[in-house]
Structure formats: structure tokens, C-alpha cells
Amino acid sequence: MKNFKTLLTLSALVTSLSSLAAGRDYISIVGSSTVYPFATVVAERFGKSTNFKTPKIESTGTGGGMKLFCKGINVDTADITNASRRIKASEFAMCQKNGVKDIVEVLIGYDGIVVANAIKSHTFALTRKDLFLALAKEVPTGKDGELIANPNKKWSDVRKELPNVKIEVLGPPPTSGTRDAFVELAMEGGCKKFDWIKATKKSNKAKYKSICHTVREDGAYVEAGENDNLIIQKLQKNPDALGIFGFSFLDQNADVVKGATIDGGAPEFDTIADGYYPVSRPLFFYVKKAHVGKIPGMSEFLKEFTSEKAMGEEGYLTDKGLIPLDAGKFKTVQDAVINLKPLSL
Amino acid sequence: MNITQKVQKSLKKRYLKEKIFKSMGFISVAVAFLFLLILISDITIKALPAFVQTQIVLQVDLNEQDLGITQQSNVDEIRQVDFRRVIRAALKKQFPQVKKRKQKKDLYSLVSVGAEYQLRDLVLENREILGTTQKVTFIADDDVDALIKGVIDRNDEESGRRVKDFKLKLIETLEKNGQIEKNFNWQFFSSGDSREPELAGIKGAVLGSLYTLLVTLLMTFPVAVAAAIYLEEFAPKNRMVDFIEININNLAAVPSIVFGLLGLAVFINFFELPRSAPIVGGIVLSLMTLPTIIIASRSAIKAVPPSLREAALGLGASKMQTVFHHVFPAALPGILTGTIIGMAQALGETAPLLMIGMVAFIVDIPQSVTDPATVLPIQVYLWADSPERGFLEKTSAAILVLIAFLITMNAIAIYLRKKFEKKW
């Protein structure tokens, strides 16, 4: 009986505690899982080297992050959202509607998406067209305007010069930002090489998208889940398979997997930075200007993130696989952050 | 053929059937046990390297003039100092032949990026070391760690090896000088999450789990026990009570993610409790465990012999006295077992916590139930998803800690049950 009473008092205490938690003394960051590995490194260093608390970073995906970010202006909402693509007009409008007027856009660098296989296996020299022909659900026949279900079973069916092995590609599921980017950059890039398909973009955009963006479902493309480490483990076990994942995973596992060249560009630091490797995308984060000065440490965190030490060519983020901006763009980004220049679409 | 003969004839067959059934039962148990053994031993083998930390011993010169601080400096002044310089100077002194920019980068990356903070904390702890030369054991970088542990094979070709020849030579020199040590990894148990595998620790997640379970226990136990006692002892037998009973059973079968959505909508959006905090996590998990504990408690109360109640009532005890003085203590072991099973379920849960923002990178160790925190299974998930190879062993180690946590809880349950158990 006595224990029972203590339990009740304790639970009352816990509930009363929660009402005290109104003000927030740490930065709250949400957004893309691709930017997460970079943002976390900056956050950790920031927390260790300053007197501010370490920012809290949730990996919610770009879209999910935008929703949380644009929810409103009060201190409960997120201060920063990471994005592996630029903010959409619809998301910007949602922000405006909810009172999040001034948003500062920060471009942090680039991420390459690689197609890789086991290091002891065949060396692939692919083109975006090859990737489209190998992975699309329907491929064009010789005749304009005609599509057939993808008949290609082996890489050598796609193009004679490619190895004579079964097409088996392990990649992320449709919920992943990496998949979106791969489809948009690699497959659409190859798809556009067919003139009549390129022409449909103007006449029938929905059809164009469905041709270029639909991945085959007959087992040649295997959805391997969001865990890129798992894909790498599977590649080691299955030398005929190829995998699709972010550059940082290739960088970390260069002793067991190797990246295929795409349109002649090898997936390396410099080739991605200067755009020679075609499958790369920009990474951003967006800052709620109204929270700068309200949440302790905001401007200091922004300064740390955009410092030479972090984002620069030799910065610690490049050690984690971020492809840095060139000097000119870097300067523009730094200026934009210092002046907190609001974004207008 | 009389009855006896008939029975004797079938006896052999019946014995055989029993034998087959017994051996099948034994095989099932053995298979289950084998799987458990394979699972645990696989994880343990993968986790073991995580409990060992590679360290590099360096002679650092803590010259007060170079650092710009004295023994009288205050905490803020010391925090501002760039201790990285001192460590780099120590490395440079040992390898004066390293001149090229790229090679220098290799040299400086032998020690962990956390080394400078390690040195800073050392100075903060004991200012008297300022102005002297000290032998300090620094945490090695994860690549060095992997090489020393043999995860990276030094005999591999250079092109496919993460640690290139130049760096390998540096490490081998340090090894020859006896400057590389392998010690028990206390760091793993004393620090929070990190993006550097060599610095990452489990303490934040353990405390997060503890706070979350504490909230869950405090929320569910009183409510569940009160509900169970009412339903078993006081509630009238009518349609309404039947309806409630059915719904409690239904609640137990609701997928846990639904509770997460509820938590997001009610506790975070409506009551404006902080995101990612154990308080919200605990409340959400308590909704999930509530039916489990109610059902277990009810069957424990039902199992108390009616003679006990009748005797108490017969001696003039009120209904309330009967329940709280006699029935409840007798049912307590069963109730506790049910509670711990519910708690164990809550400990391993991740789906509802995803919705309320507990899947997050949190370095600072939570101090209260309202601080942002993560829990053990989520820490496992986050590490499993990290690109750095060093997190592979950390993931397994975190799973071991989670299992240890679970075993401790179950052990407590068994102890309590044995202590309070009565035989009728």
C-alpha cells in the first residue's frame, strides 16, 4: 500500500516535470538521411568545442523534414532541415502559409551516386543509356513511339561490349532519396538519349516520366532496403551483382567494392566535384531565420558548418565523403550565411 | 482375445507413440536452443573487438607559453585553446621526415579527432600538468584501430587497402616503439553517440532506455493493476464490462506504430510535450504495455484461491480489506512477472518511437526525462546504417548490451517471483 502511494507521487512528479520543458536550449535539426552523416559530424564537433549543447539531428527524409520545418514559427518546431534536393515550390508555399517567411538556403556540397560491384569481379564501363536499358520497365524498340517490356536479361544484351553476366542490381526502395536521385539523374539521363522520348517531354510530361522513371519489377532490380552496408555485404557474396548507393559508402569500402565508370567518368572525388561524373546531386540545408538569435548557438553553428575547416576543400566533411563546392560557390554560400539572405522562389 | 490381451497388444504401439512425441519435443527444444546459441555466439564474436580500444601513447609538451594559458587560467580560457596543435607537434617531433602536405594529413589522422578534447579534459582535471611534458594515451583513429585488430589486412594490395603504405609504415614504427596499446574500451560505456566509431559510446542510449522505461513503469503499473483489480474483484458482470474486456484484448493486438501516431498527434501536437524526449516515449510505450499488464494481472488475481477471500470476508474484513490485504499480495508475483514481460517488450520497441522523433543523433547524455534521448534498439539501428566500418562491431556490442539489459530485467522478475511466491 505504501509502495503504491510512492509510485503515484512519483508519477505525478514526472508529469509536472514535463510542463517545465517549454524553452529549448539546443538546436533541432530534421531532414534528409543523405545529409545526416555530414550534419551529425558538424554537430558533434560544435558541441564538443563550444559551450553550447550538441544539436539534435533527426533523420526524417527530405520530404518529412520539410513538413516538420514548415509547420510553424514557434520554438517547438525544427530550426534547420536538411535536404538532398532543392526545396519544392509547393513546400516553399507551405512554409509561407504557416508563417515561416524567411528561409536561408545553404548549399553544402555534392553527393555522388555510384553503381558498384565486388572488387574481384568484372569491371563495368557503363553509360546512362545502358543503365536505362538495363533497368527500365519498358524500353523502346527501334521504331519511334514503340515500347516493349524490357527483354534484356544479360548486360551483353544491353550492349555487346558489356560483360556476359545476368543483370542483377541491388538498390534502394522507392521511399529513398537515393533512389529518386538515381532514377532522375541516371535513368532519365539515359532515357533522354532517345529523341522521340525527349520530344514527349514537351507534349506529354506524365508519359515521359512514366517511361523514364519506372524501374523494372521482374527481379533484375532487387530492392535491398535502405541499409547500404547490407548492399555492400551482398555484393561481396554475389560477384555478378551490382549495387547502387551513395559515394561515401564506396569511399569507406574501397577495399571490397569498386565503382563502375558512367559515361566515361569514374566515381572519384575530383570527377564528381567538377561534374565530369554525371550521377551527382547537390545537398542543402535550410535555416529558419526567425530562430537565429532565439535558439542559443544558431549563428555559431552556421558559422561552423560553412567554415573552411568543415566544408572547405580540405575540410573534415570531405573525409566523410562530401564532395566540396568550388571556391567561387563556396564564397557565395559563406556570404549568404553571414547576411542570412532569405530565399525567394 | 480378452481385454487384457487387447491392451497388451496395443501397449507397444502406445509406448512407441509416446516415445516419438517425447523425442519430437526434445528436438524442438534443441533446435530453438541451437538457434539462440548461434545468434548469441555470432553477435558475441562480432562484438568482442568493440570492447578493446587501440590507443597511441605520445609525449606531449604542454608549454604554457605556446598554449597561451597558465595554471591559473579559468575554464573558459582553457576551452578556447586549440589543443590539436600540441598533439600535431608531438607527432611531428617523432616523425620529422614527414614534410609533404598529404603525408602530414596521414600523420595527423593517426590519432582520433577526439584526442584534442581528451587532452583538454585532462588539463581541466589537473592544471598542474601545464608547463610539463606528459606521456598521454590518446585514442587511435578508427582506421588504425581496424588495422591493429586485423579488420584491415596489412597484406592486401595497397590499391584496395584503406590504410595506404605510407600510413602503414608510420603505424608499424609506432608499434615497434611500443607506443600502441590495446586496452579495455571504457569509453564505450561512458560516452554518448558519436560519428567517429572510436569515440561512440552506449551510455546515452542506456540512460535513454532507462528513463523511458521508468516513465512507462510509473504510468502503467498503477493504472494496469487498478484496472485489473477492479475488473476481477469489483466490476459487476454485465454487457458493459464484457465490452471493456474485449476491447482491452483488442488493444493488446494493435500494431505498435499506431501508438506512435497517436503519441505524435496527442502528446506532441496537442499537449506540446518536447519531441524526442523519454517522457513522450514512455507514455507512448505505456499505452502499448497497458493491456499486456492488465491481462497478466487479471489472470494472477484470478489464480488466487477463493477460499482466501471467503476466509477474510468470513472474519469480518471489508471487500477492500480482503482485496488489498490478502488477494493483492498473493497475486503480486504473477503481476510482477506480467509487468516485467510488458517492460521487456517496451524495451525492444522502435516503431512507435520513430514517429515521435527518438530516431535521432544525440551526443549529449540525457539528464532528465525531458532531454532529447534515444533508446538502445534505435542506437543499434543508427549504427548499423552508418558508412564507417568501425560501427559494425559497435552495432553488435550494442545488441549485446541490449540483451544484457533484458536478461537483468528477467532476472529481477524471477527473483521477485521467488521471493513473494506462496504455495497453496
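Modeller: A:Val215 touches A:Leu135, A:Lys137, A:Val183 and A:Tyr221, leaving out residues up to four places away in sequence. Two residues are in contact if their C-beta atoms, placed from the backbone, lie within 7 Å. This is a predicted model, in which local features need pLDDT of at least 70 and side-chain atom pairs count only at pLDDT 80 or more, while totals for chains, interfaces and linings use all residues. Residues are numbered from 1 along each chain as its sequence is written, and chains are lettered from A and ligands numbered from 1 in the order in which they are written.

A:Val215 sits in the loop between helix H9 (205-213) and strand E9 (221-223) of chain A. Helices (H or I, at least four residues) and strands (E, at least two) are DSSP runs, numbered from the N terminus. The C-alpha atoms of A:Val215 and A:Ala136 are 4.7 Å apart, although 79 residues separate the two in sequence. With 18 other C-beta atoms within 10 Å, A:Val215 is partly exposed. A residue is buried if 20 or more other C-beta atoms, placed from the backbone, lie within 10 Å of its own, exposed if 12 or fewer, and partly exposed in between.

Another loop residue of chain A is A:Asp263, between strand E12 (261-262) and helix H12 (269-273). A:Asp263 also counts as partly exposed, with 18 C-beta neighbours inside 10 Å. Its phi is near 50°, a positive value in a residue other than glycine. Most residues other than glycine have a negative phi.

Among contacts in chain A between residues at least 6 apart in sequence, 72% join residues at least 24 apart.

The largest nonpolar core has 158 residues, and A:Ala39, A:Met187, A:Phe285, A:Tyr286, B:Val280, B:Ala331 and B:Ala398 touch the most other members. A nonpolar core is a set of buried Ala, Val, Leu, Ile, Met, Phe, Trp, Tyr and Cys residues joined through C-beta atoms within 7 Å. Helix H10 (residues 203-234) of chain B gives the most to this core, with 14 residues. A:Phe285 touches residues including A:Val35, A:Ala39, A:Ile80 and A:Ile108, not counting those up to four places away in sequence.

Finally, the two chains meet: 35 residues of chain B are in contact with 36 residues of chain A. On the side of chain B that touches chain A, H10 and strand E4 (360-361) of chain B are the elements that give two or more residues. H10(B) supplies the largest share of that side, five residues. By class, that side of chain B has 19 nonpolar, six polar and 10 charged residues. Here Ala, Val, Leu, Ile, Met, Phe, Trp, Tyr, Cys and Pro count as nonpolar, Asp, Glu, Lys and Arg as charged, and the others, Gly among them, as polar.
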